[in-house]
2 protein chains.
Amino acid sequence: MSDRHTQILQAAARLIARHGVRGLRVEEVSAEAGVSTALIYYHFKGRGGLLRHTLEHINRRAILYTDVALDTSADARTQLTDMLLLELQDDPHVRENSAAWGELRATAVFDPDLREQLAAATSRWVDDLAHLIRRAQAAGLAAPEADPEATAERLTALVEGLSERWLSGTTSLRRAHQLLRDAITLELRQPPHSHK
Amino acid sequence: MSDRHTQILQAAARLIARHGVRGLRVEEVSAEAGVSTALIYYHFKGRGGLLRHTLEHINRRAILYTDVALDTSADARTQLTDMLLLELQDDPHVRENSAAWGELRATAVFDPDLREQLAAATSRWVDDLAHLIRRAQAAGLAAPEADPEATAERLTALVEGLSERWLSGTTSLRRAHQLLRDAITLELRQPPHSHK
């Protein structure tokens, strides 16, 4: 992927996180990225293609900063807990990414063009988490009766709900983390130390 | 409240549910409601006032169709379960209302003017649910160790996350209901029949 390509997607994500998707014009992205509108049309065909690629770009960035949880020697339950908590961080890049992602998610309700990609990204996220839940179960760190898919669907949907509350200032980051930790304990039942 | 007032708010909610908030202009609401823009300015001062009142209107409508759960002789646990499930219904009015509410929630991330009202509406919803959880606990229908506020915050945030997935076609209504029912069972522990 060319630098220009990435530069355009970064500019689009920045603008979406700042003002939302709905008013976004290709001209603004061109001004923010410091490239011509012609180049944006060349790379992405038009506004629709630009939005779809921006959604992908934002999703990749979220994977980068949450997969850090997997680069440790921690057990699967700690890894999955950290992976979910890292979705909500007091960091300008994470906040920007979450705001842009939430906005594209909300836009998909009205824009069928974004739905397929949103569904695919959500399903990958759910699968990754379900995989970690299965690993935690195999290691005796999560209740065997927890359904990995349903648990993953609920926990990711909860993260999305809490993320929106955090970004709109309805819930503090600290409170959102606590609610999420407790949800994980309820879903996976026994805390890890009871098995060590 | 005058008929005209309500007519304008219904038109605004309809347009928001159809196309989102961001591109919405007062002129479109005036055309949809069949009233002059001057009348809208007279009633709501401007676009900001109109959005805030529409949020309130949508919230009142949601309370109307979910509070049906309270008009029964069912026990508190059944009432709270139904109240949450009624947020997601295969009904054009509920779908319209949920889409408009989700959109205003997403907009509040970018629009500080809507935040205070969103936070107040969310907090009322959480309080109402926490009250029902306490009633269920008093009746022996919910685990006494469940924290009513935290449980209510999690369940309502989950409903919001699931609602967005339902509206964007990522999750079916049937699946969303099942996930929500199971979340209630995890949060409140013992199912009611174990106490009868």
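**View 1. Burial and overall dimensions of chain A.** Of the 196 residues of chain A, 44% count as buried, a residue being buried if 20 or more other C-beta atoms, placed from the backbone, lie within 10 Å of its own. The model is predicted: local features need pLDDT of at least 70, side-chain atom pairs count only at pLDDT 80 or more, and totals for chains, interfaces and linings use all residues. Residues are numbered from 1 along each chain as its sequence is written, while chains are lettered from A and ligands numbered from 1 in the order in which they are written. The C-alpha trace of chain A spans about 60 × 35 × 30 Å along its principal axes.

**View 2. Helical make-up of chain A.** Chain A contains nine helices and zero strands, where helices (H or I, at least four residues) and strands (E, at least two) are DSSP runs numbered from the N terminus. Among the contacts in chain A with a separation of 6 or more, 64% join residues 24 or more positions apart; two residues are in contact if their C-beta atoms, placed from the backbone, lie within 7 Å.

**View 3. Packing of helix α1(A) against helix α2(A).** The axes of α1 (residues 3-19) and α2 (residues 26-33) of chain A come within 8 Å and cross at roughly 115°. Axes are lines fitted to C-alpha atoms, for helices over the stretch in contact, and angles run from 0 to 180 degrees between N-to-C directions. On the α1(A) side, Gln7(A), Ile8(A), Ala11(A), Ala12(A), Arg14(A) and Leu15(A) meet Glu28(A), Val29(A), Glu32(A) and Ala33(A) of α2(A). The residues of this contact comprise six nonpolar, one polar and three charged; Ala, Val, Leu, Ile, Met, Phe, Trp, Tyr, Cys and Pro count as nonpolar, Asp, Glu, Lys and Arg as charged, and the others, Gly among them, as polar.

**View 4. Contact between chain B and chain A.** The contact takes 35 residues from chain B and 35 residues from chain A. On the side of chain B that touches chain A, α8(B) gives the most, with 11 residues.

Definitions and conventions: A residue is buried if 20 or more other C-beta atoms lie within 10 Å of its own, exposed if 12 or fewer, and partly exposed in between; C-beta atoms are placed from the backbone.
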